[in-house]
Amino acid sequence: MKRKYPNLSKPIQIGNVYFRNRMFGAPMGGTDITADCTIGPASTAFYEYRAKGGAATVTVSELVVHPETEGSHMYHLDLHTPGSLSSFTYTADAIRRHGAIASVELSHSGQYAGTYLTDKDQKAGLCQWGPSNGMRPDGREVKELTQELIDEIVEAYGEKAALAKKAGFEMVMVHGGHGWLINQFLSPYFNKRTDKYGGSVENRVRFAQEVLDSVRKAVGPGFPIEFRLSGSELFEGGYRLEEGIEIAKLIESRIDLLHVSAGTYQRGFGVTHPSMFLPHGSNVYLAEAIKKHVSVPVAIVGGLNDPEKMEEIIASGKADIVEMARALLADPELPKKVVTNQDDRIVRCLRCFTCMAERAETATRRCTVNPIIGRELDGMEILPARVKKKVLVVGGGPGGLQAALTAAKRGHEVILCEMNDEVGGILIGEQAIPFKYEMYRLGLSLGKLCEDAGVDIRLNTKVDKAYADEIDADAIIIAVGSEPFVPPIKGIDADNVVLTNDYHHRVDAITDDVIVLGGGLAGCEAAIHFARENKNVKLVEMNSELSPDANIRHRPLLLAEIEKSGVEVYKNHKALEISDNGVLCQGPDGQEIKLAGTSVLCALGQRSRRQSVDELWDCAPLVSQVGDCVKVSTITTAVYQGHHAAMDI
């Protein structure tokens with residue numbers, strides 16, 4: 001068989017272990033961590049799902065090596081806690097039986113202990129330990145680790161590695177990046193010690209070397225040790241790439257795979273986990289530079305989801321392996337689709353951070369484009385329905401497409417009607433904003449999968465009661481979505497006003513001086529886009545906060561982009577009248593102010609299309625409604641509701 005992506009699909013040997021391809025599952029924390037910090041059954045299923053999809057490895061994260069100085073509610077592994085060793089054993093079994101190599105991330109958060117606690121107030125009771133005395137930015141005191149504690153932690157790394165091997169894991173990853181404890185020792189910003197662990201780069205690397213020696217002694221020769229390194233800390237006071245190269249050279253003799261990431265906790269979440277505002281592969285240059293100076297294989301991680309880009313990375317010698325986390329949540333079968341030349345069927349990660357935000361808020365997982373993530377115990381397979389039925393899906397947005405796909409996979413006869421000339425619904429408009437283009441692609445991907453599954457897609461077809469009665473379906477899923485909310489502002493129907501949903505049709509109508517009405521998620525992202533086009537942008541929001549509808553991981557990055565982009569923000573301002581040269585607003589004190597601008601983008605929200613729902617309610621024995629037509633919400637909600645509406649038929 002001729003592989004479309006031969007380098008991605010090629011096996012590799014690391015240590016004494018063979019890996020089936022070059023697509024590795026980067027570490028992601030589980031969900032149902034028990035009160036005793038063991039792996040719950042939902043997390044085992046969570047990891048197994050990616051193993052079934054064809055990844056070469058699945059890395060369980062994070063195993064806290066020394067709870068006495070860590071305190072975070074993450075995984076622990078020991079012999080005295082009932083269920084601890086067995087939970088790791090069952091998880092390793094679940095990963096390995098599908099051909100993937102089970103790995104586990106050995107970690108210590110150091111002075112950032114408690115980061116993943118859902119109840120953030122609990123952090124106040126934790127003791128924060130680091131290489132040096134100091135104060136965290138949030139005011140928490142950091143205590144310097146004594147030599148005795150350092151020795152304990154070093155020994156603990158080896159103990160946990162040995163137990164992981166005993167449980168059936170065939171590789172370990174030592175987390176030395178992202179501002180966690182080992183990185184804190186490596187960093188001149190965090191490490192102010194004057195003993196053998198501080199000062200020169202050779203001294204700052206000493207702790208990492210001792211940890212790796214401890215792990216090697218525990219697991220023996222040939223057992224792969226992977227080390228995650230931030231190639232550069234990317235902030236003032238931290239180490240830069242040149243020193244990252246020296247660090248890599250000083251540890252390479254002790255490791256089998258060097259995993260290059262970027263940034264630290266101090267630098268920002270959106271760098272270590274590249275956001276949609278950064279180009280794909282934004283950290284590849286770090287791995288490329290380091291690889292020239294080391295002999296061990298090098299892996300790269302960070303917002304990768306495009307097989308062509310990943311193939312080029314390996315083919316050109318920038319790295320030997322690509323690692324993915326979020327991309328394998330969006331589509332766990334991405335590796336399988338790559339090796340079988342079905343890359344056009346990949347459902348790509350949107351880099352929307354729903355997965356990360358959900359974990360922080362509810363200690364579970366959810367993925368915008370994959371309704372099974374975090375709910376794997378409910379069933380990873382979509383089983384055929386006992387009785388096949390005719391299903392009419394009204395609306396080809398994300399909720400309707402997912403409903404049609406799931407219903408077709410269950411063996412139902414599915415007809416999907418969409419009133420526009422292409423599927424995607426509200427996602428169609430995202431094609432004009434480069435950093436949101438993958439949202440547009442989601443509609444294309446789901447449409448392709450629906451076609452593969454045998455869905456009868458009827459475009460330019462508006463479904464009314466008569467049409468539905470003629471179809472005579474056994475079940476109807478209504479997914480007609482929402483429409484722009486257009487308030488009665490004088491001048492809002494003028495030619496220089498563009499509704500955000502129509503922007504992709506009227507790109508040329510937006511001039512170099514644009515006013516965006518509405519500071520919600522859509523308005524903020526549009527403002528960032530216009531600023532990147534070097535337009536003069538004014539953003540008007542009638543409330544006191546921007547984008548409260550953004551999730552807690554995406555919103556800080558969004559606001560930072562707004563700030564650095566030069567957008568003029570007018571909060572607590574209400575638009576009164578639009579003219580051809582600006583917008584008259586009412587300010588926070590009731591005064592009127594004229595904002596100059598020659599074009600206006602209206603992003604004042606959406607409203608549910610309830611009329612269509614009410615008209616179709618009695619057109620089939622079973623009628624359900626999903627997505628924005630129920631309540632204006634998110635792509636996540638629409639996809640999740642669409643999937644389960646189909647599962648209920």
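A residue counts as buried when its relative accessible area is under 20%. By that cut-off Cys-352 is buried, since its relative accessible area comes out at 15%. Keep in mind that this is a predicted model.

If you go looking for disulfides here, you'll find zero. For Cys-352, the closest cysteine sulfur belongs to Cys-349, and the gap of 6.5 Å is too far for a bond. A pair of cysteine sulfur atoms would have to sit within 2.5 Å to count as a disulfide. Cys-619 is in no disulfide either: the nearest cysteine sulfur, in Cys-417, is 12 Å away. Cys-619 is buried too, at a relative accessible area of 7%.

## The barrel

Now for the barrel. Eight strands close up in the order S3-S4-S5-S9-S10-S11-S12-S13, and the pairing is parallel. Going from one strand to the next, the twist averages 30 degrees.

For a closer look at one pair, take strand S10 (residues 225–230) and strand S11 (residues 257–261), which run parallel and share five bridges. In one of the pairings, Glu-226 has Leu-257 of S11 as its bridge partner. On the helical side, H12 (residues 307–315) packs on the sheet and touches strand S12 (298–301) as well as strand S13 (321–324). The direction of H12 makes about 145 degrees with that of S13.

Glu-62 itself is placed in S4.

Further along, His-66 lies in the loop that links strand S4 (57–64) to helix H3 (67–70). Is His-66 buried or exposed? His-66 counts as buried, because its relative accessibility is 5%. Its side chain makes a polar contact of 2.6 Å with the side chain of Thr-69. Another polar contact, of 3.1 Å, joins the side chains of His-66 and Glu-152. Setting aside neighbours within four places in sequence, His-66 is in contact with His-108, Glu-152, Ile-153 and Ala-156.

## Helix H22 and what covers it

Helix H22 (residues 635–647) has 13 residues and reaches 18 Å from its first C-alpha to its last. That is close to the 18 Å expected at 1.5 Å a residue.

Which residues of H22 are buried? They are Ile-635, Thr-636, Ala-638, Val-639, Gly-642, His-643, Ala-645 and Ala-646.

## Two asparagines with positive phi

Asn-460 has a positive phi of about 50 degrees although it is not a glycine. You'll find Asn-460 in the loop between strand S16 (456–458) and helix H18 (465–471). Asn-460 counts as exposed, at 55% relative accessibility.

Asn-534 is not a glycine, yet has a positive phi of about 65 degrees. Its place is in the loop between helix H19 (521–532) and strand S21 (536–541). Asn-534 is exposed, with a relative accessible area of 69%.

Notes:
Residues are numbered from 1 along each chain as its sequence is written. This is a predicted model: local features need pLDDT of at least 70, side-chain atom pairs count only at pLDDT 80 or more; totals for chains, interfaces and linings use all residues. Side-chain values use heavy atoms; hydrogens and water are left out. Two strands pair if DSSP finds at least two bridges between them. Helices (H or I, at least four residues) and strands (E, at least two) are DSSP runs, numbered from the N terminus. Axes are lines fitted to C-alpha atoms, for helices over the stretch in contact, and angles run from 0 to 180 degrees between N-to-C directions. Contact means heavy atoms within 4.5 Å. Buried means under 20% relative accessible area, exposed over 50%, partly exposed in between (1.4 Å probe, protein chains only). The expected span of a helix is 1.5 Å times one less than its number of residues. A polar contact is a pair of N or O atoms within 3.5 Å; within protein, one must be able to donate a hydrogen and the other to accept it, and residues adjacent in sequence count only if both atoms are side-chain atoms.
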